[in-house]
Amino acid sequence: MALQRGHLLTEQVNPDSLNLDQLSSIEFVELFNREDAKAVAAVEKAKLDLAKAIDLTAQSLNKGGRLFYVGAGTSGRLGVLDAAECPPTFCSSPELIQGIIAGGAGALVRSSEELEDRPQDGEAAMAHREVTQLDVVVGITAGGTTPYVHGAIKAARSRGATTIFIACVPSEQVSIEADVDIRLLTGPEILAGSTRLKAGTATKLALNILSTGVMVKLGKVYGNRMVDVAVTNQKLRDRALQILQDLTSLSREAADVLLERSGKWVKLALLMHETGLDKEQADQLLSQHQGNLREAIEAE
């Protein structure tokens, strides 16, 4: 017998969109705008739990742990997206933050939601990646019930990992044992049950906050600049040079020379400029402060 989910907040009918198929295009857009604002409000109400998640995750990664996002369907794709964007933004190792989706890479472009019903696959994913007590596992499921995610969280807890749960239903509807329980209560969707809408938007916002907050804690940011940005194309090189110009008052040409001297590493270039150290000395100083530029500059 199929699991009954009609009582879940994400499955209920939105009374404000009962005439969705009769709206003009402008009325349709205005309705979406009003409903999407609820996603932002839902994230604000979860701020304390999000802050706790940032602190616990940063502590684990500082000790050599990894961050795993686990989900299925839209939730899984959002986790994979957030993980994939960290290396180019923060020059982090692809192994540091990883996205795991039920059905594997093929599920990113083709629906394979039937695979989310296998909790044993979630357990196997934790075993395959050899999750330990140093790691953090974030289970993402809008409706809160995805067996694949529950299997992964249960297995991660048994391995001693820190666990974080993100869902868009209240805990009294779906409960779980996790170190941090984040509930993004966006309410019924405009299109009933389509959690790629408000629930997906709120989840994306929450993941933005989590990963960026963790990277800030890890010293990947100086002020509000991406000083660990990977200079891998012309756009990113331009961004790197702009950061150097803004923070050092150097000319474009001088900033370009400094960037090359640093091995195309903005953080190291800034430290070299501020301290007068050569590349090798600056690199050593930065290592002594676990890559934290502000601490390295203040120490010197």
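**A parallel sheet and its surroundings**

Tyrosine 69 stands opposite valine 138 in strand E3. This is a predicted model: local features need pLDDT of at least 70, side-chain atom pairs count only at pLDDT 80 or more, and totals for chains, interfaces and linings use all residues. Residues are numbered from 1 along each chain as its sequence is written, and side-chain values use heavy atoms, with hydrogens and water left out.

Start with the strands. Helices (H or I, at least four residues) and strands (E, at least two) are DSSP runs, numbered from the N terminus. Two strands pair if DSSP finds at least two bridges between them. Strand E1 (residues 67-71) and E3 run parallel, joined by five bridges. On to strand E4 (residues 162-167): five bridges join E3 to E4, again in parallel. Here valine 136 stands opposite threonine 162. From E3 the chain crosses through helix H5 (residues 147-158) to E4, and this β-α-β crossover is right-handed. That is, with the strands pointing away from the viewer, the path from the first strand over the helix to the second runs clockwise.

E4 also pairs with E5, in the parallel sense, over four bridges. Alanine 167 has arginine 183 in E5 as its bridge partner. The whole open sheet has five strands in the order E2-E1-E3-E4-E5, with parallel pairing. Strand E2 (97-101) and strand E5 (180-183) stand at the edges with a single partner strand each, so one side of each is left without a neighbour in the sheet. Direction ignored, neighbouring strands of this sheet are turned by 15° against each other on average. Axes are lines fitted to C-alpha atoms, for helices over the stretch in contact, and angles run from 0 to 180 degrees between N-to-C directions. H5 lies across E1, E2, E3 and E4, running at about 160° to E4. Contact means heavy atoms within 4.5 Å.

Now look at E3 itself. In a regular strand the side chains alternate between the two faces of the sheet. In E3 (residues 136-140), five of five residues are buried. Val136, Val138 and Ile140 lie on one side, Val137 and Gly139 on the other. Buried means under 20% relative accessible area, exposed over 50%, partly exposed in between (1.4 Å probe, protein chains only).

What does valine 138 touch? Not counting residues up to four places away in sequence, its contacts are Leu67, Phe68, Tyr69, Val70, Ile164, Ile166 and Leu210. A nonpolar core is a set of buried Ala, Val, Leu, Ile, Met, Phe, Trp, Tyr and Cys residues joined through side-chain atoms within 4.5 Å. The largest has 34 residues; Tyr69, Val138 and Ile164 are among those with the most contacts inside it. Helix H6 (198-217) is one of the elements that each supply at least two residues of this core. H6 gives the most, with seven residues. Another core, of 24 residues, lies apart from it and includes Val266 and Leu271.

The cysteines come next. The structure holds zero disulfides, a disulfide being a pair of cysteine sulfur atoms within 2.5 Å. For cysteine 91, the nearest cysteine sulfur is that of cysteine 86, 12 Å away. Cysteine 91 is partly exposed, at 42% relative accessible area. Cysteine 168 is buried, at 0%.

Finally, two loop residues. Serine 249 has a positive phi, near 65°. Serine 249 sits in the loop between helix H7 (234-248) and helix H8 (252-261) and is exposed. Glutamine 290 also has a positive phi, of about 50°.
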